[in-house]
Amino acid sequence: MWHDDNDDIMKLYKLLEEHEFNCPFPAVCPVCGSKSGHIYMHRYDEKHHGGSWVWCSKCHNYSHGSGSVPEWWRNLSNISILKLKHSPDYLESQAELIDSLVNNLLGIPDDKLMKETTYVDPICADQTEYSIILLEGNEPSVEIVRAVNQVSHRNLLKSKELIMNAPLVIFVGDALEVHDMIEILDAGFVEYKIEPDYPYE
Ligand SMILES: [Zn+2]
């Protein structure tokens, strides 16, 4: 149901540069003209590598790419990194929150926004540096090694060594980055703990 063969949808990216013109999201779709265009980006690491999506809820045109995400971008904590796919199916289900976040990030004045004015995500304001500590006793199964590999950014062999030498810190980052890593670790059934106490779900 989603089509990614019409490059016109990518004109939605321009709104990020031209936001002084106050075009709040949902934006006018460059393909069908209805006010149902959205944009979302997700940063994967501290080097600002990430994925980006533009899509229209009405005509279902979309485009997905990967590359570097602007430094001012903040991931939405409701978005599960594990559910992000090429097509924006999952993002569409979160479109209202996403639009609200983007409008906020672009600093569009509240009176220009459609309804619920601001969405402040407490996890974004948290500047604490959290450490993820891999606990002893994890079996070096395929799932666990792969999860540790994704979180630690080490190769599979090194990841196996980390598991054998635990307890060890395998990741240090802010609340939002840790949030993504937790999802990966939980999906792989990895035993770990976080210091200091991590107050988010
Ligand atoms: Zn459209």
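I take the domain bounds from an automatic or database domain assignment. The model I am reading is a predicted one.

**Domains.** I looked up the division of the protein first. I find domain 1 at 7-121 and domain 2 at 126-195. Where they touch, I count 7 residues from domain 1 and 7 residues from domain 2. I then checked the classes on the domain 1 side of this contact. That side has 2 nonpolar, 3 polar and 2 charged residues.

**Largest core.** Which residues touch the most other members of the largest nonpolar core? I find I9, V54 and W55, in a core of 22 residues. Next I looked for the elements behind this core. β2 (35-43), β3 (49-56) and α3 (95-105) each give two or more residues. β3 gives the most, with 4 residues.

Leaving out residues up to four places away in sequence, V54 touches I9, M10, L12, Y13, G37, I39, Y62 and S63.

**Second core.** I also find a separate core of 19 residues. Among its members are Y130, I132, V151 and I182.

**Helix α6.** I turned to residues 156-164, which form α6. Which residues of α6 are buried? They are S159, L162 and I163. I asked why they share a side of α6. They cover an arc of only 100° around the axis, so they lie on the same side. The face turned away from this buried side carries L157 and M164, both exposed. Last, I looked up what covers the buried residues of α6. The cover includes β5 (130-134), α5 (142-152) and β6 (168-173).

Methods: Residues numbered from 1 in each chain as written. Predicted model: local features only at pLDDT ≥ 70, side-chain atom pairs only at ≥ 80, totals over all residues. Contact = placed C-beta atoms within 7 Å. Nonpolar A, V, L, I, M, F, W, Y, C, P; charged D, E, K, R; others polar. Buried ≥ 20, exposed ≤ 12 C-beta atoms within 10 Å, placed from the backbone. Arc of directions from axis to C-beta. Core = buried A, V, L, I, M, F, W, Y, C linked by C-beta atoms within 7 Å.
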